[in-house]
Amino acid sequence: MRRAGLGEGVPPGSYGNYGYANSGYSACEEENERLTESLRNKVTAIKSLSIEIGHEVKTQNKLLSEMDSQFDSTTGFLGLCSM
């Protein structure tokens, strides 16, 4: 990524350092880019996982609600049979 206004008047081949000769700035910038991409990938994975967990929670809540309803029906039926 080229910074606006940097690199003007700099000898050819020095653009990797954004005009800072032998400063190690380019290496730091490359490391930051690599770490940023790694973090972006991790955040994307966590987001997908949290969405899947949300879907699973909704499904489980629905099943629990159906079970509760069935238990209530069974309890009522068993109460009638014991009379």
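R40 is partly exposed, at a relative accessible area of 45%. The views below come from a predicted model.

**View 1. R40 pairs with E37.** R40 and E37 form a salt bridge. Their closest N and O atoms are 2.6 Å apart. Both residues lie in helix α1, three residues apart, so about one helical turn separates them. E37 is partly exposed too, with 37% relative accessibility. Side chains of opposite charge can pair when their charged atoms come close.

**View 2. E31 pairs with R34.** A salt bridge links E31 to R34. Here the closest N and O atoms are 2.7 Å apart. This pair also sits in helix α1. The spacing is three residues, about one turn of the helix. E31 counts as partly exposed at 35% relative accessibility. R34 counts as partly exposed at 49%. The salt-bridge count for the model is two.

**View 3. L49, I53 and V57 make a nonpolar surface patch.** The patch covers about 260 Å². L49 lies in helix α1, which spans residues 25–81. L49 is partly exposed, at 47% relative accessible area. Patch members need over 30% relative accessible area, so L49 passes that cut-off at 47%.

**View 4. The whole chain gives the setting.** The protein chain has one helix and zero strands. Of its 83 residues, 6% are buried. The chain exposes about 7100 Å².

How values were computed: Residues numbered from 1 in each chain as written. Predicted model: local features only at pLDDT ≥ 70, side-chain atom pairs only at ≥ 80, totals over all residues. Heavy atoms only, no water. Helix = DSSP H or I, 4+ residues; strand = E, 2+ residues; numbered from the N terminus. Buried < 20%, exposed > 50% of the residue type's maximum accessible area, 1.4 Å probe, protein only. Areas by Shrake-Rupley, 256 points an atom, 1.4 Å probe, with all protein chains shown as cover. Patch = residues over 30% accessible without salt bridge, like charges linked within 9 Å, V, L, I, M, F, W, Y side chains within 5 Å. Salt bridge = Lys/Arg side-chain N within 4 Å of Asp/Glu carboxyl O.
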